[in-house]
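User: I would like to learn how to read side-chain packing and helix faces in a model of this kind. Could we begin with what counts as a contact?

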Amino acid sequence: MITPWIGAQKTIIRTFRNMENVHLVPEEEEDDLYTGYNDYNPTFDGEDLHNDEGFQQAVRTSHGRRPPMTAKYPGTAIGGRPIGTAYGSRIPVGTAMGRPMTGAVQDGAARPMTAVRAAGYSSSIARGSVFDPLGQAKGPAPPLETRNEDTPEEKIKILEKKVNDLIEESCLAHARGDLQLSLEKAKEAGRKERALVRQREQTGTADHINLDLTYSVLFNLANQYANNDMYTEALNTYQVIVKNKMFSNAGRLKVNMANIYFKQKNYTKAIKFYRMALDQISNAHNAMRIKIMQNIGVVFIHMGQYSDAITSFEYIMSESPNIKTGFNLILCYYAIGDRERMKKAFQKLICVPLGIDDDDKYIPPNDDPHANMVIEAIKNDKLHQMERERKALAEKYIMTSAKLIAPAIESSFAAGFDWCVDMVKGSQYVELANDLEINKAITYLRQRDFKQAVETLKMFEKKDSRVKSAAATNLSFLYFLEKDYDQADRYAELAMSADRYNPAALVNKGNTEFVKEDYEKAAEFYKEALHNDSSCTEALYNLGLTYKRLGRLEEALDCFLKLHAILRNSAQVMYQLANLYEMLEDPHQAIEWLMQLTSVTPTDAQVLAKLGDLYDNEGDKSQAFQYYYESYRYFPSNISVIEWLGAYYIDTQFCEKAIQYFERATLIQPTQVKWQLMVASCYRRSGNYQKALETYKDIHRKFPENVECLRFLVRLCTDMGLKEVQDYATKLKKVEKMKEIREQRVRSGRDSSARGRREGSAGSDVDLLLGDVQLSGSGSAGFKGCSSNPKKPSGSSSSPINTPPLRASVSRSEAKYSPVLEQGRDSGQSNHGTSAKGERLSVKLKTLPGSNEPYEASTQQEIDASYVDPLGPQMQRPKTAARKRTEEDEFADEELGDDLLPE
């Protein structure tokens, strides 16, 4: 017990000795806050350590021979023994160093206790360590331990997340319209969910199955089946949900099942499931019950059970009236023909509250800028758009109902319209009354009662400006259709004066100017209409046509390109673009637009024919033939197409295929001999001479005076060695004689009329312009196409004889023969002024031979059996061994009979 006490005494003695080195702050320096900042501990002064002999000696003697550091000294990790130096023994340590230094500690002795302890100091901290009470010097926290995903619970959680992600992807795909992808994702989610259930059963956690996840997977899968029209699979999936008692409120899904049955037109089952769903929904959900009953009423309408439908709709109108139900109720009453109930239902319909505010709240006040900003922000927001849509839908149903029941509720539709107008005027839809009046006029138009329609529209001339402008616009359009352009222009002006910003009125005004061929003024009105309403497609189309008439093709092209951006599938716009490119000599662009047009109207024969014409001009005969042939398939009566196809087959040496097209042309134009000649020529070219001969004979029976047909007959009969050649040669000569006589008669008539004019206009200078006749001078008026002089007796020599219009004389070799024209001349129908007896006599005398001349022709003429093939030159016929026939002229002594002389 003595030893511990001695140790304690020694400790106390060392403590008091160390206390001698503690310097207390004087009292007079307590107020100096900045004392001690310039002092420093000389222990840290290392500049003169190389001059310190004690330090150097200690380094030399202790270097490499110090004992290893151990924790033998309590309270420290490195021993806590201070390094003794000569410098430290001479200079005491200042108070700013914190805890005063203690003396040497004996081996095995405990650390001495002191009464001075600085804040933040801990005896457990080693000497020389950094002051860090918050532990910031330790660096960042170590990383968290990674979760072990191999555990069953973690696998289940990951699988649940995948199922939820698949359901979300399926819904997003359906929102984008990708129904097939949404169905695939829903099926994959179902497979993952079943794997999740099996995994829970294997791990023994079947009690923790997520029923909400299972319900979501099945419900989404059934919806996607229904969206993809896979109704059987959808019904089976819904049955799985409905029969599972663990799903709460699953009975509501019977509404979806009923909807599927309705789409399948299985109305009986639809009614059954609607009623089952209605029974499982409590009265607390009144809105859903109302919607289900509305569906039940619609199904009854499709089944034709209007009485049951009326029961459902009447209940809804008494509990929670709405626009759609009121309209359906009117339809049911109209179906059963109940006039009184129709009137009552219409009154209920116009009294249904819409639940929207008046438009007055969107009128900004002038004195509150903050309120103006708020109103500008909400003027076109989603809520206001929804209100406008609801109001427009209500107006549509009311207008449709009025037009439907007006002819049924009264003896005449006019009285019915008047009753509906009176009812509407007393409701919240006052502005619809004028629209009903205009619809009344339109109904008159549908009944072809234009007079009543015009009278009804004229009643609006004294109404307010908006209705007055609409009525005047309709009147202008009606008069324009009737080609009464003055009245159309008048009412267009009236509509513009009532409402200058009415684009329809400006378009009608532009149309009247367009008809008057004042294109510049019409363009101005169309531009003004577009300025008022940039979406007025009629004004833009008409402006393009106006520029086209003015020859400003680039501006017209710009108008139609803008219009095509608005009306992507308008056939008229595409055709105009193709036509403009053709006029701009850009056939490739024209073909491109016509190709787009064929995708919109693939059966338009005119478009196909135009494509064929463009390809033909480009030299692509195969493409031209394809489009011409398609045009012929859709419209086999286009003569130009038939002619091109026939010529194409002839060019390609397939004459037998061209026959069907020329026969079709013969059926369309039976009075045109050229098509029949084409048919006969095709037979002859293909080597079928017998058929060609029969065809020429048939043509001769129909057109006995056709020279070309007779020449072909003479040639064929000569080649085939037939006896009929003499008959046809005789007929050919007679026809040529008649043709020559007629030409002489025409020429003599022209000469006599010219002499009469020269004698009648003696003393006057007369200039005669042949071609488009322009006669000027005294006593004669200018004319073009017909004579304007009054008819005078033939004996009068002071005025010219009235003759047909003068034409440039044609030489005999250039004269063409037309049987129709010659028949007209013989009958006197085409020779207006040559019916006078004196003129006919003079013509007869001129054509008869003189007294000293023989009656027959003075010069011997050969029969002109030459002909020109309308199909072009034929390939040279191969030589045969047939004998050569001698050509004999049997018509040299032929005399003209009295029947061949003119009257």
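Analyst: Contact here means that heavy atoms lie within 4.5 Å, and the model we are applying this to is a predicted one. Leaving aside its neighbours within four places in sequence, Tyr-696 is in contact with Leu-677, Ala-680, Ser-681, Arg-684, Cys-709, Phe-712, Leu-713 and Leu-716.

User: Which residues touch the most other members of the largest nonpolar core?

Analyst: That core has 98 residues, and those touching the most other members are Leu-645, Phe-662, Tyr-696 and Ile-699. A second, separate core of 74 residues includes Ala-226, Ala-234, Leu-278 and Ile-316.

User: How should I read the two sides of a helix, with α26 as the case?

Analyst: An α-helix has 3.6 residues a turn, so residues three or four places apart point the same way. In α26, the buried residues are Ala-590, Ile-591, Trp-593, Leu-594, Leu-597 and Thr-598. Because they cover an arc of only 165 degrees around the axis, they sit on the same side of α26, while His-588 and Ser-599 are exposed on the other side.

User: What covers the buried residues of α26?

Analyst: The cover includes α24 (553–566), α25 (571–583) and α27 (605–618).

Key:
Residues are numbered from 1 along each chain as its sequence is written. This is a predicted model: local features need pLDDT of at least 70, side-chain atom pairs count only at pLDDT 80 or more; totals for chains, interfaces and linings use all residues. Side-chain values use heavy atoms; hydrogens and water are left out. A nonpolar core is a set of buried Ala, Val, Leu, Ile, Met, Phe, Trp, Tyr and Cys residues joined through side-chain atoms within 4.5 Å. Buried means under 20% relative accessible area, exposed over 50%, partly exposed in between (1.4 Å probe, protein chains only). Helices (H or I, at least four residues) and strands (E, at least two) are DSSP runs, numbered from the N terminus. The arc is that of the directions from the helix axis to the C-beta atoms.
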